[in-house]
Amino acid sequence: MKTIIVGGGAAGMMAAIAAAGCGDHVCLLEKNEKLGKKLFITGKGRCNVTNAGDLDTLLANVRENGKFLYSAFYRFDNRAVMNFLEQAGCPLKIERGDRVFPVSDHSSDVIAAFSRELKRRGVEILLHTEVKELVTDENICRGVELSDGRTLYADRCIICTGGLSYPSTGSTGDGYRFARETGHQVMDCTPALVPLEAAESWCRSLAGLSLKNVSIRMTGGSRELYHGFGEMLFTHFGISGPLVLSASSYFSPTGGTALHIDLKPALCAEQLDKRLLRDFEENKNRNFKNALSGLFPAKLVPVMVELSGIQPEKKVNEITREERRAFVKSIKDLMLTITGVRGFSEAVITKGGIHLKDVNASTMESKKVKGLYFAGEVLNLDAMTGGFNLQIAWSTGYSAGYHEG
């Protein structure tokens with residue numbers, strides 16, 4: 001049996017390995033000059049390959065349509081991914097939040113492991129090879145037509161072209177076009193796991209400042225949309241960082257979205273008030289603006305002074321109880337007005353994609369076109385940060401490539 005795989009990213013490489021393992025002659029087509037271009041920059045070049053949590057954890061971190069992944073996760077789960085990579089010569093380590101990385105912290109080692117295994121299994125790899133359209137006949141996929149005019153025929157074609165995020169890596173939505181042209185429904189695509197834009201000007205003055213161990217809440221009107229704990233970063237347009245990327249999946253463009261930052265989540269308001277009293281006692285003859293160095297990073301001090309409403313030159317021993325308590329509240333609930341998300345060029349993944357009702361959850365085969373399969377980000381599946389999106393790619397890629405007989 002001959003299998004063509006379109007797209008040499010995470011899902012595509014795994015699909016190729018699974019299909020070759022079933023004895024297929026596999027041809028992997030990639031329009032870039034090398035495989036795994038997006039994988040190379042994943043996790044700032046460290047590549048969070050999966051999450052070591054249990055199955056319930058994996059499913060709980062899929063934003064929507066988690067049930068669709070039951071079969072794929074059971075067939076090729078996170079342990080299978082980890083075993084595969086280690087046996088292919090890429091040792092792994094588990095970090096905070098059960099995130100799994102190569103011991104070397106180099107994504108290139110993950111790609112090298114796949115490249116070795118693809119070669120070992122005899123997969124034919126064609127780089128600089130772009131697919132123009134699918135060749136179908138009476139709802140059966142017969143192969144692909146390339147942009148140079150050639151036609152390649154196969155018994156099975158697996159589309160692993162990714163989404164729209166990081167278009168510089170080749171993710172330009174080809175798979176969505178192939179799907180539409182063959183009668184599949186494609187859900188609206190939006191950037192996900194993406195930095196957020198904020199209205200407040202003081203936010204821009206903090207550009208480059210990273211805050212660790214903070215807590216955030218995202219609200220829409222009176223409703224809490226998301227809460228989490230971790231690390232965030234101020235930027236020239238708003239905020240970013242792991243915590244913010246996760247929150248972005250819950251952003252609603254309908255308006256009224258706010259982000260509340262608790263700068264001292266380890267202390268309740270009463271404990272923080274006592275901490276302030278101690279700090280003020282130690283600095284009782286100093287100006288307010290000069291008495292906060294033990295509480296915040298230097299870059300944050302002038303912003304917090306301004307937001308407090310307390311005169312910067314006011315002596316600490318003259319600050320009233322009411323002023324101090326209001327300051328505690330601003331520390332525990334530093335609010336930003338979220339105006340939007342950044343574009344696909346800064347998004348880790350794409351939300352939306354091929355409607356899952358058109359795809360067999362066990363095999364990833366199209367329900368509309370025989371011999372046509374879809375895997376990875378091209379599907380309407382997205383998850384939180386922490387290795388969960390790559391696990392979706394590995395599992396769906398493996399399911400698409402694997403077959404009985």
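**Second largest pocket**

Strand β11 contributes the most to the lining of the second largest pocket, with four residues. Both β11 (186-192) and β18 (349-354) supply at least two lining residues each. Strands (E, at least two residues) and helices (H or I, at least four) are DSSP runs, numbered from the N terminus. On a 1 Å grid over the protein atoms alone, a pocket is an open set of points where a 1.4 Å probe fits, with protein on both sides within 12 Å along at least five of seven lines; lining residues have an atom within 4 Å of a point.

The volume of this pocket, the space filled by probe spheres set on the points, is about 300 Å³. Of its 14 lining residues, Thr190, Pro191, Phe251, Pro253 and Lys351 are the closest to the centre.

**Basis of the model**

The model is predicted: local features need pLDDT of at least 70, side-chain atom pairs count only at pLDDT 80 or more, and totals for chains, interfaces and linings use all residues. Residues are numbered from 1 along each chain as its sequence is written, and side-chain values use heavy atoms, with hydrogens and water left out.

**Parallel sheet**

An open sheet of five strands runs in the order β6-β2-β1-β10-β19, with parallel pairing; pairing requires at least two DSSP bridges between two strands. Its edge strands are β6 (124-126) and β19 (372-374). Strand β1 (residues 2-6) pairs with β10 over four bridges, and threonine 3 stands opposite arginine 156 in β10.

**Glycine 162**

Glycine 162 lies in the loop between β10 (156-159) and α7 (174-181).
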